[in-house]
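I opened the model to look up a few backbone details and some of its secondary structure. My entries follow in the order I made them.

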Amino acid sequence: MTPLLDSQHWRDVPFHFWSVCWFILGSMVGSFLNVCIHRMPRGLSVVHPPSHCPHCASRIPWYLNIPLFTWLLLRGKCVQCKAPIHVRYFAVELLTGVLFLITWNVMGPLSIGWALTYATILSGFLVATLIDFEHFIIPDQITLGGMGAGLVFSLVLPALHGTEDHITSLGRSAAGAVIGLLLVYGIVRLGKLLFGKLHIALPDKAKLVFTETALILPEETIPYEELFYRKTDCIRFHATRLELVDRCYAGVEVRISPRQLRIDDESMDPEDVSFMEAVCDSITLPREAMGLGDVKFMGAIGAFLGWHATFFSLMISSLIGASLGVSLILIGRRDWSSRLPYGPYIALAAVVWMFMPEAWQAIWKGHLDDLASVIHPGR
Ligand SMILES: [Zn+2]
């Protein structure tokens, strides 16, 4: 009998041999996450074309596409054009390797299924966080894709939802997704009702472009559906220069709501204006910290971790956000808070949940179940 097929032989392999394997696997996954982080927010495919230098577009052959080593070997430069390759590529590979290593050491003794699930979730969180910081969006591939993946993982691994029955687990996963979606959607709507406005300072002489579907700021693009929830929601700014398709203004106050575009005292129907470009220094948006991306993101968390975890993530993320906000005020950097996305707080809070002792999770679940039975006594 060959030793490869002997299960006893595999059981004798030291645990930390697998630790090393998980680290290597993680750094390879990290190399793919780098592609996701660069391409997803730009609407590019993550599989095609194959790895290439963003500067000179030369293909990167497989032997120069080895995680961690390549970057060190080439000292962070493209082999063809010598253009620098950002240290983030190396950092993401290293971080993913370390996250996989930790996951294996914490969840591996439980089961390989748990370790794979956690590694998948952490990979998604890493991509979502880095994209959210840079572009203020979480792509649908991560959020909607995450919801789909959550359902599949729950069907395959019912232990994720504390059961042995695959269909029960799928049901709990679906319930988690729906409750996660509704919960954050409710908060977004409520936030608009309570606060409503967000003032953003823009770089000097920044250019704003209003297309038919979205507002393009220097560092982010916001679809109108994320800006206008109510008819009274209004974008306001002072334009030093304002260009429409057929005319041009200088030094005007602009107010835009779903029904009306006002330029100083002139009023027109936004439907008639297909394109508008403005130069200004600041803008007031009808927007809360959380957006529809966060709604879908919480749906994905619910699909993987169940509805109890969505309430936990929401509460802990708001605590993290609030303490960071207070810290920024204390160091006199309050303006930074408008430049911080909310998605990473949600991800961090969910990570706290994932690695929290099971007994603590049980306490939280118990309290929420008590609360649910008060609201809904039939259950
Ligand atoms: Zn190059």
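Before counting bridges I wrote down the pairing rule: two strands pair if DSSP finds at least two bridges between them. Helices (H or I, at least four residues) and strands (E, at least two) are DSSP runs, numbered from the N terminus. The model is predicted, so I kept to its limits: local features need pLDDT of at least 70, side-chain atom pairs count only at pLDDT 80 or more, and totals for chains, interfaces and linings use all residues. Residues are numbered from 1 along each chain as its sequence is written.

**Entry: strands**

I looked up E5 (residues 248-256) and E6 (residues 261-263) and found them antiparallel, joined by three bridges. Val 254 stands opposite Ile 263 in E6. Four residues lie between E5 and E6 in their hairpin.

I then went to the other partner of E5. E4 (residues 235-244) runs antiparallel to E5, with eight bridges between them. Here I noted Ala 239 opposite Val 252 in E5. The hairpin from E4 to E5 passes through three residues.

**Entry: backbone**

I next checked peptide bonds and phi angles. As background, most residues other than glycine have a negative phi, and most peptide bonds are trans.

The bond from His 48 to Pro 49 is cis, and I read its omega as near -5°. Pro 49 sits in the loop between helix H2 (15-39) and helix H3 (69-73).

Leu 68 is not a glycine, yet its phi is positive, about 65°. I placed Leu 68 in the loop between H2 and H3 as well.

Arg 75, also not a glycine, has a positive phi of about 50°. Arg 75 belongs to the loop between H3 and helix H4 (87-107).

**Entry: burial**

Leu 68 is partly exposed because 18 other C-beta atoms lie within 10 Å. Arg 75 is exposed because its count within 10 Å is 8.

**Entry: H12**

I took the span of helix H12 (residues 358-375) last. The expected span of a helix is 1.5 Å times one less than its number of residues. H12 has 18 residues and reaches 26 Å from its first C-alpha to its last, close to the 26 Å expected. I also looked for buried residues among the 18 of H12 and the count is zero, so I noted the helix as hardly covered.

Note on methods. A residue is buried if 20 or more other C-beta atoms lie within 10 Å of its own, exposed if 12 or fewer, and partly exposed in between; C-beta atoms are placed from the backbone.
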